[in-house]
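Trainee: I have a new structure to read. Please show me how to go through it.

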Amino acid sequence: VTDTVKQEDSGYEPTAELLARMPGISGNAVNGLGEEQESPPRPFFWHPPDRQTHGELQQYIVGQLRPPAGEDRSFRNPAVDRGPDPIAQSAERIERSAGEWSEAIKSFALDDEADLVGLTPLRPEYVFEGYQVTEPNLVMVGVAHDFERLAQAPGSTENPAAYHDLHDQYNRAARVAGRLVNFIRGQGYAATAYPGPMADAINMIPPAIAAGLGELGKHGSMINRTYGSGFRLSAVATDVPLVFDRADAFGVDEVCTRCQACRHACPPDAIFDEKQMVRGTRKWYVDFDKCIPYFGENYACGICLAVCPWTLPGVADKLLATLARRERRSADD
């Protein structure tokens, strides 16, 4: 996984139109790169423009992804079904144990369109600064990419497969969250959906890790033991009593420390080779000032997710088996 050709000399340069909309503050500064004190995440990309520093840049990029009047909409704005509108909360509450509720919620989501479901309590560090979430628990939902389409990233006008799959999976995750909200509200409990890609109150990755959906990878996205980096998230906040899941540590750090696949494949050279200090936590981190321009000019990119060895069909099981053998050898020594 270390023989990918390095592309830091790919020649990529953001357009003058995009650079003109970059704010005077670094996105890395907004995200707390280098800060040793713990603090809540700050609104950044995909938040409402008036609640973040990069609002003008975001509006420009979103505008680039939308067809002008009269243009064929099939490439840049495929059909959207993001699920039902929320219903009113029932006045009659159905009483069940936390275990029964956990099983019912997971079964509902997995029988719908979800591929992954995890449960975790809401923590202050999961909520973006300036937002408020009143429900105490989170249901984290994951939906898997179609690898054949993801593997064609980044998208282009000639080949929109990866870009369309991004839309499809975010919409699928939104549908699961919306229907789950109505299921919970129909049982007499509070529930609020937090679908992507537009961000809201919930910083998705930390609670998804806590809920057992995977670990953080070198490319700044999550890695699941089954789907690798090829999945998207949505969340539901609720006051339903739940039995919480545990984080699932299965060796991502060991692999990412040695692997260079995503770093070598990244055209703007945005992926750090070592963990960085970010708001009091040392973790894998992506240089947003390099990533966002390429992301915006190449239909949401996705290269790092597609080349991640964990995402390649059949590779995750081999990696897990290798890590298990190493662990057994270490235990025997």
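Mentor: Begin with strand β2, residues 137-144: eight of its eight residues are buried, so the strand is mostly covered. Buried means under 20% relative accessible area, exposed over 50%, and partly exposed in between, with a 1.4 Å probe and protein chains only. Helices (H or I, at least four residues) and strands (E, at least two) are DSSP runs, numbered from the N terminus.

Trainee: What should I know about the model itself?

Mentor: The model is predicted: local features need pLDDT of at least 70, side-chain atom pairs count only at pLDDT 80 or more, and totals for chains, interfaces and linings use all residues. Residues are numbered from 1 along each chain as its sequence is written, and side-chain values use heavy atoms, leaving out hydrogens and water.

Trainee: Which residues lie on each side of β2?

Mentor: In a regular strand the side chains alternate between the two faces of the sheet. Here one side of β2 has Asn137, Val139, Val141 and Val143. The other has Leu138, Met140, Gly142 and Ala144. All of these are buried, and both faces are covered.

Trainee: Which strand joins β2 by eight bridges?

Mentor: Strands of a sheet pair through backbone hydrogen bonds, either parallel or antiparallel. Two strands count as paired if DSSP finds at least two bridges between them. Strand β6 (residues 231-238) is joined to β2 by eight bridges, and the two run antiparallel. Leu138 has Ala237 of β6 as its bridge partner. Val139 stands opposite Val236 in β6. Strand β1 (residues 116-121) also pairs with β2 in the antiparallel sense, over six bridges. There, Pro121 has Asn137 of β2 as its bridge partner.

Trainee: In what order do the four strands form the sheet?

Mentor: The order is β1-β2-β6-β3, in an open sheet with antiparallel pairing. Strands β1 and β3 (191-195) are the edges, each pairing on one side only. On average, neighbouring strands are turned by 20 degrees against each other, direction ignored. Axes are lines fitted to C-alpha atoms, for helices over the stretch in contact, and angles run from 0 to 180 degrees between N-to-C directions.

Trainee: Which strands does helix α6 lie across?

Mentor: Contact means heavy atoms within 4.5 Å. Helix α6 (residues 161-186) lies across β2, β3 and β6, at about 20 degrees to β6. Helix α4 (residues 98-111) lies across β1 and β2, at about 145 degrees to β1.

Trainee: Which residues of α10 are buried?

Mentor: An α-helix has 3.6 residues a turn, so residues three or four places apart point the same way. In α10 (residues 288-297), Ile292, Pro293, Tyr294, Phe295 and Gly296 are buried. The buried residues of α10 pack against α1 (16-19), α3 (55-64) and α11 (303-307). Just after α10, Tyr299 takes a positive phi of about 50 degrees.

Trainee: How many disulfides are there?

Mentor: A disulfide is a covalent bond between the sulfur atoms of two cysteines. The cut-off used is a pair of cysteine sulfur atoms within 2.5 Å. The whole structure has zero disulfides.
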